[in-house]
Amino acid sequence: MSSTKIIDVLLVEDDPGDVLMTREAFEDNKVANRLAVVSDGVSALAYLRKEGEYADVPTPDLILLDLNLPRMDGREVLQALKQDEHLRSIPVVVLTTSESEEDVLRSYSLHANAYVTKPVDFERFIDVVRQIDEFFVSVVRLPTR
């Protein structure tokens, strides 16, 4: 079943290499979804709350969230957005290098929708991003924004 649904994805990632690989994964897989990027937790919350320079951005349908971020880490971002009645329904995939069981448990206790450890291999990274995209675009039903 082919889906022409286009979703808005917010990538919260401070590593320029990982941002580039995610963009390339979207392009390699002909992903038509719109990808916005912010590089720290404070900017992520400003984006989600449409504050300042982010006043006119679309509300994302999906958030890809790194845990290890400057200014406010991903755990704090996850906690803040899941406590916000206007943001809590946005699915969040934690996409991080951490393999810590504590990070996995804490992310799920903060209501992350999935926890994915970033592969270091480029081809595997592309495959993981493609699978996340296919799942959230073709398999699950996202809330209407």
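1. A quick definition before we start: helices (H or I, at least four residues) and strands (E, at least two) are DSSP runs, numbered from the N terminus. Contact means heavy atoms within 4.5 Å. Axes are lines fitted to C-alpha atoms, for helices over the stretch in contact, and angles run from 0 to 180 degrees between N-to-C directions.

2. What you're looking at is a predicted model, where local features need pLDDT of at least 70, side-chain atom pairs count only at pLDDT 80 or more, and totals for chains, interfaces and linings use all residues. Residues are numbered from 1 along each chain as its sequence is written, and side-chain values use heavy atoms, with hydrogens and water left out.

3. Start with the sheet. Its 5 strands form an open sheet in the order β2-β1-β3-β4-β5, with parallel pairing; two strands count as paired if DSSP finds at least two bridges between them. At the edges sit β2 (34-38) and β5 (114-117), each pairing on one side only. From one strand to the next, the twist averages 20°.

4. For a closer look at one pair, take β1 (residues 8-12) and β2: they run parallel and are joined by 5 bridges. Leu 10 stands opposite Ala 36 in β2.

5. Now the helices on the sheet. Helix α1 lies across β1 and β2, and runs at about 175° to β2. Helix α4 (residues 101-109) lies across β4 (92-96) and β5, at about 155° to β5.

6. α1 (residues 16-28) also packs against α5 (residues 122-139), at an angle of about 65° and with the axes 9 Å apart. The crossing is right-handed, meaning that the near helix is turned clockwise from the far one by less than a right angle. On the α1 side the contact includes Met 21, Ala 25 and Phe 26; α5 brings Phe 122, Phe 125, Ile 126 and Val 129. By type, the contact residues divide into 7 nonpolar, 1 polar and 3 charged (Ala, Val, Leu, Ile, Met, Phe, Trp, Tyr, Cys and Pro count as nonpolar, Asp, Glu, Lys and Arg as charged, the others, Gly among them, as polar).

7. A cavity is a set of points on a 1 Å grid over the protein atoms alone where a 1.4 Å probe fits but cannot get out, and lining residues have an atom within 4 Å of a point. The whole structure has 1 cavity of 30 Å³ or more; volume here is the space filled by probe spheres set on the points, which are joined across faces, edges and corners. Val 9, Phe 26, Leu 62, Leu 64, Val 129, Ile 132 and Asp 133 line the largest cavity, and α5 gives the most, with 3 residues.

Notes. 1 Å grid on protein atoms, 1.4 Å probe; cavity = no way out; pocket = protein on both sides within 12 Å on 5 of 7 lines; lining within 4 Å.
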